[in-house]
There are 2 protein chains.
Amino acid sequence: MAKKEEKEQGKKVTFNIDKDVNFSEWYSDIVDKAELADLRYNLKGFIVFRPWSVMVMEKMYDILEQDLQQRGHVPAWFPSLIQDENLKKEARHVEGFSPEVFWVQGKGEEQGLKFAMRPTSETAMYPMYALWIRGYKDLPLKIYQRGQVWRYETKATRPFIRSREFYWIEAHDCFASEEEARKQVQEDIEITANLMHALAIPILHLKRPEWDKFAGALETYAADSLMPDGRMIQQPSTHLLGQNFAKAFGILFKDKEGKENYVWQTCFGPAVSRIFASLISVNGDSKGLILPFIVAPVQVIIIPIFSDQTKAKVVKKCEDISKALNKEGIKTKIDMKEVSPGEKFFFWEMKGVPLRLEIGEKELSGKITLFLRDNKTRMQVSEKNIAETLMKQGLELDERLRKKNEKWFKESIVECKTQNDIKKAIESKKIARCNFCSINNDGEKCAAVVEKQLAGFVRGSLASKQEKTFSDGKCVICGKKANAVVYIGKSY
Amino acid sequence: MAKKEEKEQGKKVTFNIDKDVNFSEWYSDIVDKAELADLRYNLKGFIVFRPWSVMVMEKMYDILEQDLQQRGHVPAWFPSLIQDENLKKEARHVEGFSPEVFWVQGKGEEQGLKFAMRPTSETAMYPMYALWIRGYKDLPLKIYQRGQVWRYETKATRPFIRSREFYWIEAHDCFASEEEARKQVQEDIEITANLMHALAIPILHLKRPEWDKFAGALETYAADSLMPDGRMIQQPSTHLLGQNFAKAFGILFKDKEGKENYVWQTCFGPAVSRIFASLISVNGDSKGLILPFIVAPVQVIIIPIFSDQTKAKVVKKCEDISKALNKEGIKTKIDMKEVSPGEKFFFWEMKGVPLRLEIGEKELSGKITLFLRDNKTRMQVSEKNIAETLMKQGLELDERLRKKNEKWFKESIVECKTQNDIKKAIESKKIARCNFCSINNDGEKCAAVVEKQLAGFVRGSLASKQEKTFSDGKCVICGKKANAVVYIGKSY
């Protein structure tokens with residue numbers, strides 16, 4: 001039935017899809033039914049991000065920006081358009097990004113020129129850094145900006161996962177030494193871990209293979225999470241840029257001895273809209289979304305249950321409780337729509353609201369019925385100290401989500417000794433962990449075999465430590481001595 | 001002396017310009033010295049918004065978004081690019097905005113097509129509204145988005161005042177009736193008034209003349225503030241769109257009787273980057289910026305004053321107080337740079353930090369020296385309850401700014417009975433208030449005379465009430481019976 005008709009006839013919107021069986025359908029349907037995004041915008045690859053997702057993503061921005069600022073970053077707004085000539089300054093960078101650029105035509109005096117809509121902002125920011133940085137006292141320079149970037153994606157676009165305009169933060173930092181830059185990479189990894197922890201999304205922090213680095217970087221680190229269909233998805237990445245860009249853009253500083261040196265740089269790019277894709281996919285269930293308490297736009301939904309006789313008293317009670325909760329900073333809403341309580345239960349479960357209060361005649365006595373979205377249990381809570389109780393319940397719910405997801409993620413990583421093991425792992429929606437000759441350039445041939453014959457991608461080695469190879473210690477592809485333990489999976 | 005040299009030689013940056021005497025120099029210099037924006041970005045009309053201004057503007061966004069959300073608005077993110085065909089749907093709108101559009105070239109399958117970088121989002125949002133709105137239960141629909149827009153300005157650009165990319169919020173609302181839409185216009189005026197009150201910027205809320213309306217609107221209301229050079233500057237405007245766009249985009253709803261009607265629409269566009277221009281210009285003085293306490297990125301700067309003997313104790317005291325203040329949510333910073341206290345005083349006065357604590361040996365006893373940026377007075381405050389004291393002092397400082405600015409603004413509005421009066425008013429950097437035949441289309445000829453002969457612009461009549469004409473009650477230009485009292489001034 002067309003959605004228009006459904007709405008007009010006041011029929012309840014049903015949702016019941018097992019994400020582990022048919023993730024693709026689950027994902028498309030929940031994006032539509034929960035009104036997360038609208039794909040009907042009449043420009044290929046562009047979508048409308050609707051309020052229910054935007055309110056969650058704004059909260060994610062808050063978490064990230066607070067963490068960045070506490071670590072000494074300050075926000076700036078750089079132009080969205082970049083001169084063609086800037087883009088060309090770092091050779092590998094331009095090669096990597098040029099095919100993806102949307103070009104804007106110059107007008108008036110600039111007729112005939114063209115400007116890039118930023119696909120990323122290195123080439124907008126670094127010419128300014130070259131003007132701003134003079135001496136060691138100007139370092140470290142730690143600046144981020146929140147906003148969108150544009151990339152002409154030729155791969156299939158999917159809402160939140162990949163679109164031609166997406167929302168992120170990009171932090172671009174300059175240091176006096178390699179050591180400090182490497183410390184920043186660790187700090188970026190911590191910021192990522194903090195956010196992912198808050199959102200209950202398990203991740204592997206990997207160092208990407210040489211052949212899969214960011215265009216222009218020395219080293220790339222990225223957090224990979226897993227989708228229910230077994231695809232690995234790249235989440236925040238951080239790049240050790242070394243002095244490549246500093247040399248291309250002339251970012252020099254005088255050290256204490258008065259000697260001029262190039263700065264060391266890092267950049268870090270958490271894509272908020274893409275993290276949202278993992279957030280809903282990892283946490284949701286067959287009834288719809290489950291939003292962690294900490295980011296839910298509505299943390300507590302109150303459903304009044306009344307007859308004509310009890311209506312006034314019940315509504316009053318709902319309002320009192322709602323006021324008490326909102327006063328304590330718990331985002332609470334009363335659903336007064338003219339539909340049955342059952343339909344409201346269903347609707348808000350689908351929307352992922354973590355806590356539900358059901359308030360009827362029985363609840364007037366001071367014992368309130370609380371429903372927990374994640375494990376679908378009901379309990380009685382006292383009206384006294386209800387804000388405190390619900391805050392605690394909300395945080396416990398988030399902790400349960402984390403535990404459940406961590407367990408699933410851990411079980412999804414399988415040690416593989418043969419190519420056949422890898423194939424089986426990938427087919428059963430898991431991540432293969434195996435010995436590999438190298439993630440330097442000499443491993444690229446074996447990675448090509450993985451891609452061609454096993455339909456998997458070598459995502460890299462753990463960022464946190466050099467893992468020891470296991471069993472025979474030989475590369476699972478070429479049989480030579482393995483120098484790395486890598487993680488292999490399907491990807492988008 | 002070039003800035004680079006100044007910095008390298010550690011010379012103190014001096015600032016001492018009377019904004020009432022030479023506003024243009026004051027403005028350019030403070031934008032540069034306080035590091036509010038950098039105009040050296042190599043794309044005409046585009047500037048880099050630097051951290052010191054961005055932190056203030058982020059706070060302004062917070063104030064606006066909180067107010068909008070409390071009044072039932074929800075945030076969304078619509079695409080930055082718009083199909084050519086969408087833009088063409090409302091005839092007056094396309095006529096108004098087409099010359100200002102930056103065009104993006106289609107690629108791949110879309111080779112040969114062109115897309116507009118949004119100059120404003122009506123034509124991106126309303127096709128979606130037509131899909132989303134079905135019946136009266138979907139109304140009101142109140143959505144806003146924060147972000148930037150792009151306009152190919154041919155007038156001279158000035159940082160924050162006018163540039164080819166600027167930052168704003170646009171709220172686009174739909175209602176079932178004209179009455180509700182008009183109520184929303186009043187609500188938008190209140191939101192504007194709340195923000196401007198917080199920022200201590202006096203404004204006149206005016207209904208714009210027919211010939212100066214937003215392209216496609218029935219009526220336009222705007223808040224005008226005044227710059228120290230006597231130019232009026234348009235701040236947030238709100239538009240009663242009527243049903244023009246609803247008809248162009250087919251935004252229909254079924255009412256309770258099942259009858260299909262077009263919605264009534266409003267849109268509201270507070271340009272945060274432009275309000276910032278008024279904020280600094282109205283509040284600043286010859287020593288630099290004065291930032292209201294409520295939006296200052298650093299609300300309290302602590303300057304330690306010590307000898308080698310007292311250093312440890314003084315620094316400890318600074319840290320204790322800084323911690324106590326930050327804990328209470330007062331943004332506090334200790335300046336530990338290796339320059340003299342006097343130089344630090346000067347620097348932070350120039351940056352506009354509202355409160356300064358000077359902590360030396362004398363202050364170890366518990367009596368702390370507080371300096372107030374606006375009236376440059378020093379006083380002793382007790383270390384006990386210092387957070388409470390400074391919060392109070394901060395809010396009082398904001399109140400003093402408001403009173404001072406309101407007084408100046410009130411004195412800047414002059415009743416004019418003749419064309420010569422108007423000319424004199426404008427020449428003395430004031431706003432002329434006078435009788436005028438009409439702000440409907442039949443007044444346009446007289447407005448042209450004002451523009452040509454008096455170098456002034458008819459900005460409109462009070463939005464809040466119909467003012468009575470005064471003295472002879474005749475239009476100051478044509479001498480016919482005046483139907484309006486209007487405000488005339490120079491503009492950007």
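# Exercises on a predicted two-chain model

A200(A) is found in the loop between helix 7 (178-199) and strand 9 (204-207) of chain A.

## Exercise 1. The cis peptide bonds

Identify the residues that a cis peptide bond joins in chain A and in chain B, and state where the prolines lie.

Solution. In chain A, the cis bond links L139(A) to P140(A), with omega about -5 degrees. In chain B, the bond from L139(B) to P140(B) is cis, and omega is near -10 degrees. For the location, P140(A) belongs to the loop between helix 6 (122-132) and strand 7 (141-150) of chain A. P140(B) is placed in the loop between helix 6 (122-132) and strand 7 (141-150) of chain B.

## Exercise 2. The overall form of chain A

Describe the build of chain A from its secondary structure, its radius of gyration and its domains.

Solution. First, the secondary structure of chain A amounts to 14 helices and 23 strands. The radius of gyration is 25 Å, close to the 23 Å given by the globule rule for 492 residues, so chain A is as compact as a globular protein of that length. The C-alpha trace spans about 80 × 60 × 45 Å along its principal axes. Of the 492 residues, 49% count as buried. Then consider the division of the chain: domain 1 covers 14-283, domain 2 covers 300-396 and domain 3 covers 413-491. The centres of domain 1 and domain 2 of chain A are 39 Å apart.

## Exercise 3. The relation between the chains

Find which kind of axis relates chain A and chain B, and describe the contact between them.

Solution. Chain A is superposed on chain B by a rotation of 180 degrees with 0.0 Å of shift along the axis, at an RMSD of 0.0 Å. This is the relation of a two-fold axis. In chain A, the C-alpha nearest the axis belongs to V104(A), at 2.2 Å from it. Both copies use the same surface, as 100% of the contact residues of chain A recur in chain B. The contact involves 46 residues from chain A and 46 residues from chain B. On the side of chain A, the largest share, four residues, is supplied by helix 3 (residues 51-70). That side comprises 26 nonpolar, eight polar and 12 charged residues.

## Exercise 4. Confidence

State how confident the predictor is in chain A and in the complex.

Solution. Chain A has a mean pLDDT of 95, with 97% of its residues at 70 or more. Over residues 1-11 of chain A, however, the pLDDT is below 50, and this stretch has seven contacts in the model beyond near neighbours in sequence. For the complex, the predictor gives an ipTM of 0.95 and a pTM of 0.96.

Technical notes. Residues are numbered from 1 along each chain as its sequence is written. Chains are lettered from A and ligands numbered from 1 in the order in which they are written. This is a predicted model: local features need pLDDT of at least 70, side-chain atom pairs count only at pLDDT 80 or more; totals for chains, interfaces and linings use all residues. Domain bounds come from an automatic or database domain assignment. Copies are superposed by least squares on the C-alpha atoms of residues with pLDDT of at least 70 in both. Two residues are in contact if their C-beta atoms, placed from the backbone, lie within 7 Å. Helices (H or I, at least four residues) and strands (E, at least two) are DSSP runs, numbered from the N terminus. pLDDT is the predictor's confidence in each residue, from 0 to 100. Ala, Val, Leu, Ile, Met, Phe, Trp, Tyr, Cys and Pro count as nonpolar, Asp, Glu, Lys and Arg as charged, and the others, Gly among them, as polar. The radius of gyration is taken over C-alpha atoms; the globule rule is 2.2 Å times the number of residues to the power 0.38. A residue is buried if 20 or more other C-beta atoms lie within 10 Å of its own, exposed if 12 or fewer, and partly exposed in between; C-beta atoms are placed from the backbone.
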